[in-house]
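Here's a quick briefing to read with the model open in your viewer.

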Amino acid sequence: MQLPVITKCVVDACAYNRSQTCHAPAITVGDTGAMVAHCDTFLVAPTKGGDPSTTGQVGACKVSDCTHNESFTCHAPGITVGFNMNGVDCLTYQSQS
Ligand code: SF4
C-alpha cells in the first residue's frame, strides 16, 4: 500500500521539520495507552535530521478510533500535523463516534 503523505507539518521545532515539511522517512502517530493522535516521532534535537530529499509519510498509527484507521494503519490520502492544546498532533484525526 501507498503510505499517507504528511502534506504539511507546522512544527518547526522538530528535528525532522524543514520549512513546514516533515522529512522523517515514516512517522508513528498515537501514544501507547492514551487514545490521542500525538505525533510519536516529534523530536527536539540540536541538529536537523531525516532525509531532506523526501517528504515524510505515516508508517504506523495506534489511534484505532479514527475513521481513517484500519488495523492500526492510516488509510487517509494525506495528513497534516500541528499543534492541538499543548501537544503535536495529527490534525486529520476524525473520531468514529
Ligand atoms: S488520520 Fe487518523 S489514522 Fe491517519 S495518522 Fe491521523 S489519527 Fe492516525
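A residue is called buried here if 20 or more other C-beta atoms lie within 10 Å of its own, exposed if 12 or fewer do, and partly exposed in between, with C-beta atoms placed from the backbone. On that count, 33% of the chain's 97 residues are buried. Keep in mind that this is a predicted model: local features need pLDDT of at least 70, side-chain atom pairs count only at pLDDT 80 or more, and totals for chains, interfaces and linings use all residues. Residue numbers start from 1 along each chain as its sequence is written.

**Overall fold**

- The chain has nine strands and zero helices; both are DSSP runs numbered from the N terminus, with helices being H or I of at least four residues and strands being E of at least two.
- Reading from the N terminus, the order of elements is simply β-β-β-β-β-β-β-β-β.
- The radius of gyration is 12 Å, close to the 13 Å that the globule rule gives for 97 residues, so the chain is as compact as a globular protein of that length. (That radius is taken over C-alpha atoms, and the rule is 2.2 Å times the number of residues to the power 0.38.)
- Along its principal axes, the C-alpha trace spans about 40 × 30 × 20 Å.
- Of the contacts with a separation of 6 or more, 67% are between residues 24 or more positions apart; a contact means that two C-beta atoms, placed from the backbone, lie within 7 Å.

**The nonpolar core**

- The largest nonpolar core has 21 residues, and V29 and V81 have the most contacts inside it.
- At least two residues of this core come from each of β1 (5-9), β4, β5 (57-61), β8 (78-84) and β9 (87-90).
- By definition, such a core is a set of buried Ala, Val, Leu, Ile, Met, Phe, Trp, Tyr and Cys residues joined through C-beta atoms within 7 Å.
- In soluble globular proteins, nonpolar side chains tend to be buried together.
- Which residues does V29 contact, leaving aside its neighbours within four places in sequence? They are A37, C39, D40, V58, C61, K62, V63, C74 and C90.

- β8 and β9 run antiparallel and are joined by four bridges; strands pair if DSSP finds at least two bridges between them.
- V81 sits opposite C90 in β9.
- Two residues lie between the strands of this hairpin, where M85 takes a positive phi near 55 degrees.

**Ligand surroundings**

- The ligand has 14 residues around it, and C61, C66, N69, C74 and C90 are the closest. A residue is near a molecule or strand when its C-beta atom, placed from the backbone, lies within 6 Å of it.
- This shell has eleven nonpolar, three polar and no charged residues.
- The classes work like this: Ala, Val, Leu, Ile, Met, Phe, Trp, Tyr, Cys and Pro are nonpolar, Asp, Glu, Lys and Arg are charged, and the others, Gly among them, are polar.

**Positive phi in loops**

- Most residues other than glycine have a negative phi.
- Q20, in the loop between β2 (17-18) and β3, has a positive phi near 60 degrees.
- Q20 is partly exposed, with 13 other C-beta atoms within 10 Å.
- F72 also isn't a glycine and has a positive phi of about 60 degrees; F72 lies in the loop between β6 (69-70) and β7 (73-74).
- F72 is partly exposed because 13 other C-beta atoms lie within 10 Å.

- Beyond four places in sequence, the contacts of H23 are Y16, R18, G50, D51, P52, T54 and G56.
- H23 and T55 are 32 residues apart along the chain, yet their C-alpha atoms are separated by 5.0 Å.

- Y93 is in the segment after β9 and counts as buried, with 22 C-beta neighbours inside 10 Å.
- Not counting residues up to four places away in sequence, Y93 touches A37, V63 and C66.
- Q94 is also in the segment after β9, but counts as exposed with 12 C-beta neighbours inside 10 Å.
- Leaving aside neighbours within four places in sequence, Q94 contacts C66, T67 and H68.
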